[in-house]
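Let's take a walk through this one, starting with its aromatic rings and then moving on to some backbone details. Have the view open as you read.

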Amino acid sequence: MRSHDSEKLQQSSSFTLSNYYNLMYTGPVLLGTPQQGSTSSAFIYDSGSGWLTVNTYPCPNCSSWYYNPAVSSTVTNSTYVQTELAYGSAQLNGTTAADTVCLWTSPSSTCVTGFSFFEILSQTGLDGLDGILGLSPAASQNGPSYLMNLYL
């Protein structure tokens, strides 16, 4: 193990994922500066998808507005271009952006700055959820890899 790897492990944080009806696990994602969201948020932690998707203001048919890019001082343009995503019965429409993304309030080792994600501006099928945290391996068709960017 390289020195860099052991330092990240020592700084790691633990938190509890929630079992969502024995179908999936949900947990927190915090975005922007200052951090928007809650440590009790409900993002699907999905090892089969690649994108982080987030209910974004002003989504008229989202159950909540989780992220407002106008409030963050660290939002930037994404190098990705994506306007639609499909996840089983969920259909998402929106745009891409980049901002600071964290799994927990501290330590900062759970944060990735300038991370690209999908802003949901219209959706069906994600009722009661704040979004999806895709944890699949890095591959061009998967979108940006949170895990790969966390490691870098």
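Are Trp51 and Phe118 buried or exposed? Both Trp51 and Phe118 are buried. Keep in mind that this is a predicted model.

Counting ring pairs with centres within 6.5 Å gives six aromatic pairs. Trp51 and Phe118 make one of them: their ring centres sit 6.4 Å apart and their planes meet at 70°, so the pair is edge-to-face. Now look at where the two partners come from. Trp51 is in the loop between strand 4 (43–46) and strand 5 (52–55), while Phe118 belongs to strand 8 (residues 111–124), so the pair ties together parts that are 67 residues apart in sequence.

Next, find Tyr57 and Trp65, another edge-to-face pair, at 4.7 Å centre to centre and with 90° between the planes. Tyr57 has a relative accessible area of 40%, so it counts as partly exposed. Trp65 comes in at 48%, so Trp65 is partly exposed as well.

Tyr57 also brings us to the backbone. Most peptide bonds are trans, but the one joining Tyr57 and Pro58 is cis, with omega about 10°. Pro58 sits in the loop between strand 5 and strand 6 (84–87). There's a cis bond from Thr33 to Pro34 as well, with omega near 0°, and Pro34 is in the loop between strand 3 (30–31) and strand 4.

One last stop: most residues other than glycine have a negative phi. Asn22, though, has a positive phi, near 55°. You'll find Asn22 in the loop between strand 1 (18–20) and strand 2 (24–27), and its relative accessibility is 68%, so Asn22 counts as exposed.

Conventions
Residues are numbered from 1 along each chain as its sequence is written. This is a predicted model: local features need pLDDT of at least 70, side-chain atom pairs count only at pLDDT 80 or more; totals for chains, interfaces and linings use all residues. Side-chain values use heavy atoms; hydrogens and water are left out. Rings of Phe, Tyr and Trp (its six-membered ring) pair if their centres lie within 6.5 Å; planes under 30 degrees apart count as stacked, over 60 as edge-to-face and the rest as tilted. Helices (H or I, at least four residues) and strands (E, at least two) are DSSP runs, numbered from the N terminus. Buried means under 20% relative accessible area, exposed over 50%, partly exposed in between (1.4 Å probe, protein chains only).
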